[in-house]
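Please look through the sequence and the structure shown below before reading on. The report that follows goes from a helix contact to the overall picture, and then to strands, cores and single residues.

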Amino acid sequence: MSDTGLEQLAKLSGTSADRVEELLSLLKAPASLTHLVLVMSNLQRALKAIQEIEGLRENLEEGDEVEGQASLLNYLLLIGQLVTSVEASNAYSCPDEWLDRSGKQRGIINDHPEWAMLILTPGSECYDHGGYWQHTGVVMACSAIQRRRHQERIGSEITAACRDIRTIGQGKKALSLLEQVDTDTTLKGYYQKHLLEGEGEGDEVRESLAGIELLVRKVLSLKGKTREGGGGGGRSGRLVERQVVLPDGDDEDREGPEVSVQFSESIGDEQSQGRQRTAGLHPKETQKLRAVSFTESKASPTLGFDLRDLIRRQKSRIQHISQSNQRLFYRYASLGRVELATAAELAFQLFTGRGRFEQRDAEGVYAGLLLLLMIWLGRPVEQLLGMRVYNHQGELPKHRKEVLAFLIDEHAFVLPIPTPEWRNSLQDDAKTLLYTAGASTPALVDDVVVVASPVRIGKFISNLGLARKGRAKYRGLFPEHRREAIEGAMRAAVSKANRAHRMRLTPLRISQALFDEIVGHSSDWVDAYLLTGQRFTIADVAAHYYSVPAGYLEALYHDAAVSLRNSIYKYLSVEEKHYYAFQQPVSNSGDHGSKLNLKPMLLTRLVKHLKNDLRAAKRLAPGEESWRQVHNHYVAYMAFWILFATGYRAVNDLVFRWREIDFDTGFLVISDKDDEAMSQARVVWLLPEVLEQLRCYAYHLEVLQARLYQRNSLYEHLDAVLSEPRPNVPLMFFISDSWQVVQLSPENLRQQVPIYTLPINASRHYLRSTLRAEGVRGELVNAFLGHAQQGQEPFGGFSTLSPVEMFRELAPVLSKMRREAGWTVQQGLADV
């Protein structure tokens with residue numbers, strides 16, 4: 001907040017600016033102080049609600065006594081003065097943001113969770129509910145304790161707790177979750193009675209209040225965020241069901257885990273499913289988790305961690321088992337060719353009423369067709385049941401998002417290609433940069449790919465009497481009122497075949513056969529996800545950074561479908577002369593996938609621009625200001641190079657240190673989107689040119705330190721960066737015009753290079769698309785960008801991938817990309 005605003009508040013309330021600033025820092029207030037009166041009024045209600053509970057108040061005041069600082073409860077008088085004085089000054093001098101009573105929280109939730117939680121208008125259902133304000137007061141007081149105790153070493157507990165209160169206040173969760181707190185309750189009693197399902201220590205957490213439970217537990221156990229031994233409290237192992245599996249005593253090899261621990265958890269509600277990046281997880285990664293298991297041994301990195309926190313971390317690594325299958329090889333095997341041939345024969349007999357299906361149900365014809373489409377399109381059953389039939393391409397609707405159809409005249413399938421969700425639409429200046437300067441093809445956000453059918457599906461559809469729906473130009477392939485019965489008939493036929501042939505065919509395994517075939521051709525799950533719509537965690541996450549030409553998808557589908565067809569026909573004794581010689585009727589154009597569709601031309605122009613800025617700064621007259629300009633432009637050049645060379649996630653700031661680089665091997669440890677267990681840390685390899693650039697940067701800092709020796713604070717920071725052994729301070733930083741060290745955050749980097757209006761993590765979009773276009777295997781690209789999931793961890797105990805082998809394959813491609821972009825080693829002040 002500006003000094004002017006602080007002085008104005010201090011003058012209005014009749015207190016010192018320092019005391020006002022202390023209060024606002026405890027509340028994590030935004031700089032604009034939007035909704036000031038509303039927030040302070042609600043904070044006053046919340047603190048008064050817990051002040052009446054003696055045991056709770058004493059515990060919170062004791063927990064907040066850090067170096068003699070006052071508890072949040074001791075600011076009640078100041079809060080009342082602020083509310084009264086600001087409301088009285090309505091007629092003059094106060095910014096409109098302070099008096100805003102709209103209740104809109106947008107724009108500040110992620111960065112200011114406590115402040116956003118208190119934006120609640122009197123018209124809300126919970127406003128006069130005493131229990132709501134008691135729980136809100138506990139969360140506010142505990143948040144203040146955590147911020148004072150641990151400062152920047154806070155995990156996601158405050159964000160999670162505030163989200164629970166905020167969603168109840170918005171009516172998205174039942175108000176009955178917040179029961180009235182008794183007047184004799186202590187903080188420990190509050191935790192056991194209101195946040196656990198029962199009243200015992202070993203009871204399960206109330207899922208809807210899991211965020212509040214985490215915050216209060218960390219306050220009780222004096223825990224904050226830590227990477228040196230766990231981040232949770234000291235909860236016992238009775239929280240979970242344990243199953244001990246010991247190796248066979250007669251087995252000489254003694255293979256297997258020492259202890260296997262299994263967790264069971266119920267399906268989360270909509271709010272727990274929608275946890276966003278503020279909690280350190282990718283959106284939708286936490287939804288509907290049913291079961292988790294992991295192995296714990298004496299040397300395990302999981303040993304000693306709080307088991308409840310382990311479940312939270314596992315949620316970010318294992319996708320739920322039920323709806324979006326993670327598609328891991330140890331879960332179920334792919335169907336063999338004999339099994340697929342049996343399924344194809346089953347579909348034909350079911351459609352025609354032959355063999356075992358002479359006495360079929362009325363839905364048998366449709367069930368046989370559904371089974372055929374499951375094999376040749378690989379789509380989930382619910383998508384296939386909504387499939388349409390058009391006469392020709394000209395009848396397709398203008399907006400084709402999620403339109404799955406068959407074209408009779410072209411004898412082709414219309415495949416909707418899923419587009420990754422984008423939180424914010426691209427601004428006009430970003431579009432100009434992408435499409436005009438970067439020669440990028442706009443990503444098709446609601447279009448389709450039309451692919452010729454490799455089998456004679458048309459003859460099956462023509463045998464059905466399909467009725468047109470009203471004035472629509474299409475006909476529904478499966479009658480809407482009979483879809484449930486059709487799916488039931490299909491499943492019954494599959495079960496019948498299993499009993500007859502002693503197989504384990506399932507609709508899921510049949511519909512994912514084409515997915516496996518596509519992966520066999522492209523080595524990339526994302527390609528198979530785009531063509532089949534089968535969603536798995538790794539594919540869904542990686543698709544967010546992927547742009548691919550429609551022609552590539554068309555050719556890939558045909559390669560996979562034809563190879564699948566040919567191998568199945570061999571087992572069905574179909575002669576090659578009877579194979580259907582199809583032709584592609586439509587030329588597909590455009591790119592699908594990420595809207596950040598970066599082309600090499602844009603990167604080349606960016607590199608030239610960064611070099612020109614650096615050269616221009618070097619031509620300035622020698623002096624402190626010119627040296628500062630050279631340093632800032634030098635850091636911007638290096639930062640973008642590292643982003644485009646490593647795929648570093650610009651989540652908050654580029655936390656990059658000397659000690660994370662091994663100059664002998666070129667390996668770099670990146671921990672850019674991480675949790676307390678460092679489960680998202682990965683190893684990348686730096687090109688020799690990048691290593692040389694880092695060495696030159698060190699020489700540059702030595703020259704800068706010698707020239708700016710009179711700037712004491714800056715000199716000391718440079719000394720810390722250059723000190724031995726390798727320091728634990730950020731490697732790169734900007735220098736402000738007031739000669740202060742400024743962190744290398746995405747926002748500051750964007751201000752330094754204003755011409756670059758794209759999101760800073762656009763480098764990840766460029767890297768994934770370009771590496772795949774260069775033919776790098778999908779497994780390596782995912783490992784390089786940190787997209788590997790449970791069961792796929794590179795360099796793990798069961799992985800066949802080693803860092804040396806991985807980057808030996810990547811090195812020539814990365815070198816080629818560097819040369820084409822124009823990245824070269826720059827000297828900074830060392831050569832001036």
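## A crossing of two helices

Contact here means heavy atoms within 4.5 Å. The model is a predicted one, and in it Tyr366, Ala367, Leu370, Leu371 and Met374 of helix α14 meet Ile486, Glu487, Ala489, Met490 and Val494 of helix α18. The residues of this contact divide into nine nonpolar, no polar and one charged.

The axes of α14, which covers residues 364-377, and α18, which covers residues 483-501, come within 8 Å and cross at roughly 75 degrees. Since angles of 65 to 115 degrees count as roughly perpendicular, α14 and α18 are therefore roughly perpendicular to each other.

## The chain as a whole

The protein chain has 31 helices and 15 strands, and of its 832 residues 54% count as buried. Among contacts in the protein chain between residues at least 6 apart in sequence, 71% join residues at least 24 apart.

## An enclosed strand and its partners

Strand β5, residues 412-416, has five of its five residues buried, so it is largely enclosed by the rest of the structure. Both faces of β5 are covered, with Ala412, Val414 and Pro416 buried on one side and Phe413 and Leu415 buried on the other.

Strand β4 (residues 405-407) runs antiparallel to β5 and is joined to it by three bridges; within this pairing, alanine 405 has valine 414 as its bridge partner. The two strands, β4 and β5, form a hairpin with four residues between them, and histidine 411 in the turn has a positive phi of about 50 degrees. β5 also pairs in the antiparallel sense with strand β7 (residues 448-452), over five bridges, and there the bridge partner of valine 414 is valine 450.

## A sheet of three strands

An open sheet of three strands has the order β11-β12-β13, and its pairing is antiparallel. β11 (661-662) and β13 (682-685) stand at the edges, each with a single partner strand, so one side of each is left without a neighbour in the sheet.

Strand β12, residues 667-670, is joined to β13 by four bridges, and these two strands run antiparallel. Valine 669 stands opposite valine 683 in β13.

## Nonpolar cores

The largest nonpolar core has 86 residues, and those with the most contacts inside it are Phe640 and Tyr756. Helix α25, residues 624-646, gives the largest share of this core, with 14 residues. Leaving aside its neighbours within four places in sequence, tyrosine 756 is in contact with Leu433, Leu598, Leu606, Phe640, Phe644, Arg750 and Ala762. Apart from this core lies another, of 79 residues, which includes Ala347, Met374, Leu384 and Leu404. Met374 is also one of the α14 residues that meet α18.

Once its neighbours within four places in sequence are set aside, asparagine 632 is in contact with Phe734, Ile735 and Gln752. Asparagine 632 and leucine 614 are 18 residues apart in sequence, and they lie 8.7 Å apart in space, C-alpha to C-alpha.

## Positive phi in two loops

Which phi does arginine 502 have, positive or negative? Arginine 502 is not a glycine, yet its phi is positive, at about 55 degrees. The residue lies in the loop between α18 and α19 (507-511), and because its relative accessibility is 80%, arginine 502 counts as exposed.

Serine 573 likewise has a positive phi, of about 60 degrees, although it is not a glycine. Serine 573 is found in the loop between α23 (550-571) and β10 (591-593), and with a relative accessibility of 65% this serine counts as exposed.

Conventions:
Residues are numbered from 1 along each chain as its sequence is written. This is a predicted model: local features need pLDDT of at least 70, side-chain atom pairs count only at pLDDT 80 or more; totals for chains, interfaces and linings use all residues. Side-chain values use heavy atoms; hydrogens and water are left out. Axes are lines fitted to C-alpha atoms, for helices over the stretch in contact, and angles run from 0 to 180 degrees between N-to-C directions. Angles under 35 degrees count as roughly parallel, over 145 as roughly antiparallel, 65 to 115 as roughly perpendicular and the rest as oblique. Ala, Val, Leu, Ile, Met, Phe, Trp, Tyr, Cys and Pro count as nonpolar, Asp, Glu, Lys and Arg as charged, and the others, Gly among them, as polar. Two strands pair if DSSP finds at least two bridges between them. A nonpolar core is a set of buried Ala, Val, Leu, Ile, Met, Phe, Trp, Tyr and Cys residues joined through side-chain atoms within 4.5 Å. Buried means under 20% relative accessible area, exposed over 50%, partly exposed in between (1.4 Å probe, protein chains only).
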